[in-house]
Amino acid sequence: DRQTLVAVLQFLRRSNLRESEEILRREARLLGDDLGGSVATVGTSSPGVAAVAAVPPGKGETRGGFGIGPPSRGYVLHSAPCLRVSSPSSKITHSADLMGGAVVVEDQPDVSAVLSAYNQQGDPTLYEEYYSGLKHFIECSLDCHRAELSQLFYPLFVHMYLELVYNQHESEAKSFFERFHGDQECYYQDDLRVLSSLTKKEHMRGNETMLDFRTSKFVLRISRDSYQLLKRHLQEKQNNQIWNIVQEHLYIDIFDGMPRSKQQIDAMVGSLAGEAKREANKAKVFFGLLKEPEFDVPLDDEDEEGENEEGKPKKKKPKKDNVGSKSKKQDPNAPPQNRIPLPELKDSDKLDKVMNMKEAARRVRLGPECLPSICFYTFLNAYQGLTAVDITDDSSMIVGGFADSTVRVWSVTPKKLRSVKTAADLSLIDKESDDVLERIMDEKTASELKILYGHSGPVYGTSFSPDRNYLLSCSEDGTVRLWSLQTFTCLVGYKGHNYPVWDTQFSPYGYYFVSGGHDRVARLWATDHYQPLRIFAGHLADVTCTRFHPNSNYIATGSADRTIRLWDVLNGNCVRIFTGHKGPIHSLAFSPNGRFLATGATDGRVLLWDIGHGLMVGELKGHTDTIYALRFSRDGEILASGSMDNTVRLWDAVKAFEDLETDDFTTATGHINLPENSQDLLLGTYMTKSTPVVHLHFTRRNLLLAAGAYSSQ
């Protein structure tokens with residue numbers, strides 16, 4: 001209908017929505033007179049009266065059929081089922097319910113817009129029949145297809161249930177839920193519990209889980225054969241209800257080749273939005289280590305080892321009279337040295353490096369035959385509720401974050417903690433003397449413990465800077481605080497998160513740090529900026545843990561949406577999405593060579609990932625509760641995991657990562673073959689009496705330190 005089209009275009013022009021106008025023009029030219037494909041037709045009995053529905057931000061109803069989408073993005077017109085109103089006399093209501101199917105707003109969605117996609121489409125009494133028909137078809141299909149097609153059960157179940165609730169068929173929804181919720185995989189239990197509480201249309205409006213499910217397409221990875229089988233079945237059965245949901249709310253990542261087995265699928269699924277699209281893990285990642293800065297130092301006669309900033313080892317090298325002359329070539333997988341600006345080395349850093357190398361020379365070479373000694377720091381009578389722990393790289397200090405909002409720092413060596421003298425006393429000191437650094441410290445303040453007050457809620461994360469001059473803490477009060485370890489006072493409060501901040505960590509090179517919280521984003525900060533430098537958005541639930549890659553160019557975040565993401569610090573892009581955990585992620589650890597990532601979650605499994613290929617390469621089973629701590633030994637030979645089940649377990653990392661099948665086929669299809677049994681990788685299990693393990697740390701000589709608070713129950 002030309003007139004209507006012209007009217008719409010004029011309206012778009014008046015509203016300065018050029019982009020949308022262009023899109024509509026292109027579509028119209030493409031479709032000639034028939035605009036039905038791109039514009040929802042609200043037909044009276046005379047066909048061809050078209051109306052475009054766009055949902056205005058913050059408003060549920062559409063004004064006069066024309067709303068205004070967020071101008072920044074423009075809006076995308078989707079083909080929507082036509083809604084016919086039977087008699088000419090009946091009114092056409094321009095409500096969001098009728099119109100909603102036509103529009104997908106790319107940005108954070110307006111609630112009514114999102115929900116309105118559940119407009120009435122099928123007979124509510126037939127939903128159970130549709131679902132059980134599909135279920136019967138899948139269960140009777142060949143074994144090789146059954147495992148793959150079974151992935152459809154959960155997302156279809158959720159969308160059909162929500163559709164019934166939205167359209168106020170409450171009794172049908174209840175019976176649908178009761179009949180089929182038992183068929184869903186056990187790892188969706190928590191989500192189903194949330195779902196079962198949504199029984200009325202009103203409940204859906206403020207529910208975050210609901211909105212996530214609606215706005216992010218659930219990703220399924222299915223072989224072409226299985227997909228064709230499904231498509232044929234739905235088309236033969238004329239089962240449009242299910243086909244509509246598949247097309248509108250699911251993203252099917254089709255691959256060519258053999259269907260995956262049940263075990264292969266189970267290893268990878270379980271996250272809030274299904275698996276990661278294979279495209280998501282294709283970007284190039286520079287996982288190599290940066291070259292060491294060169295500086296001259298006289299060394300002892302022993303064989304020494306160079307280390308990078310976080311005390312991670314390089315290979316053994318022949319004796320040299322100075323570190324600067326090492327002929328170490330640039331790692332081919334390393335990022336360019338100046339890809340992101342890193343702080344210059346101070347003299348004190350160089351001295352620390354020399355100490356580090358001397359320690360490294362006396363390091364114990366770990367392996368299955370030579371396991372580390374473990375020293376456990378138990379926090380006794382921690383009635384304040386221990387919520388976070390960190391240990392300095394040189395193992396001289398330990399910090400605890402507590403639920404009573406305090407941060408407590410202990411010295412672990414005989415050397416007491418001292419503050420710098422007052423300004424008046426400092427002016428009397430001879431600045432030229434050799435021991436000036438010693439003289440500026442005030443002996444009167446020496447003590448084993450310093451308590452830092454400032455937060456107004458439980459402290460959930462703590463992190464020492466590599467040079468041990470600063471300490472970060474993050475809290476339920478929404479702030480990250482930077483404390484000086486010279487004066488034991490708070491220097492800055494970083495305010496960016498509006499909700500609790502669950503974790504924070506310094507970069508291995510200092511200066512930068514990352515924080516993640518309940519607002520579902522991670523933020524990258526620099527100590528001298530009070531605003532974040534980068535905001536990493538993409539998770540569908542709280543960001544529960546954060547970790548810097550050893551080369552500081554990437555950040556890994558674990559989330560309650562059961563996925564792990566790897567972000568590029570340079571441009572803020574998400575370069576990897578790893579799915580496979582069945583519960584919120586609570587611990588992350590990069591291997592010292594930067595190639596692998598280990599992750600632990602509430603499901604008690606440790607998963608191992610190859611960062612370069614974007615693949616899961618191992619699964620370590622043994623813990624019976626949440627894993628809160630993971631750490632690789634300094635040489636990367638052993639992975640230690642600590643859990644709420646009161647144990648520390650040691651795993652053979654060398655064996656776990658050797659002879660990996662990372663051929664092109666595996667990478668292309670994501671078929672992984674995990675060994676049935678991870679027990680042959682388990683080197684030892686060490687019980688505490690009744691102390692959950694919340695932190696692990698390998699000293700520079702490969703002694704393992706563990707920490708936790710004794711719980712009397």
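Predicted model: local features only at pLDDT ≥ 70, side-chain atom pairs only at ≥ 80, totals over all residues.
Start with the aromatic rings. The count of aromatic pairs comes to 24. Select Phe-157 and Phe-177: this pair is tilted, with 5.5 Å centre to centre and 45° between the planes. Phe-157 belongs to helix H7 (residues 153-166) and Phe-177 to helix H8 (residues 170-180), so the selection links distant parts of the chain, 20 residues apart. Both Phe-157 and Phe-177 are buried.

Next, select Tyr-494 and Trp-525. Their ring centres are 5.5 Å apart and their planes stand at 55°, so this pair is tilted. Tyr-494 is in strand E17 (residues 490-495) and Trp-525 in strand E20 (residues 521-526); the pair therefore ties together parts 31 residues apart in sequence. Tyr-494 and Trp-525 are both buried.

One aromatic cluster is formed by Tyr-131, Phe-153, Phe-157, Tyr-161, Phe-176, Phe-177 and Phe-180.

Then turn to charges over rings. Show Lys-277 with Tyr-251: Lys-277 lies over the face of Tyr-251, 4.1 Å from the ring centre. Show Arg-408 with Phe-402 as well; here the charged end of Arg-408 sits over the ring of Phe-402, at 5.3 Å from its centre.

Select Leu-449, Ile-451 and Tyr-453, which make a nonpolar surface patch of about 280 Å². Ile-451 is found in strand E13 (residues 449-452). Is Ile-451 buried or partly exposed? Its relative accessibility is 31%, so Ile-451 counts as partly exposed.

Terms used:
Residues numbered from 1 in each chain as written. Heavy atoms only, no water. Patch = residues over 30% accessible without salt bridge, like charges linked within 9 Å, V, L, I, M, F, W, Y side chains within 5 Å. Areas by Shrake-Rupley, 256 points an atom, 1.4 Å probe, with all protein chains shown as cover. Salt bridge = Lys/Arg side-chain N within 4 Å of Asp/Glu carboxyl O. Helix = DSSP H or I, 4+ residues; strand = E, 2+ residues; numbered from the N terminus. Buried < 20%, exposed > 50% of the residue type's maximum accessible area, 1.4 Å probe, protein only. Phe/Tyr/Trp six-rings, centres within 6.5 Å; stacked < 30°, edge-to-face > 60°. Lys NZ or Arg CZ within 6 Å of the ring centre and 35° of its normal.
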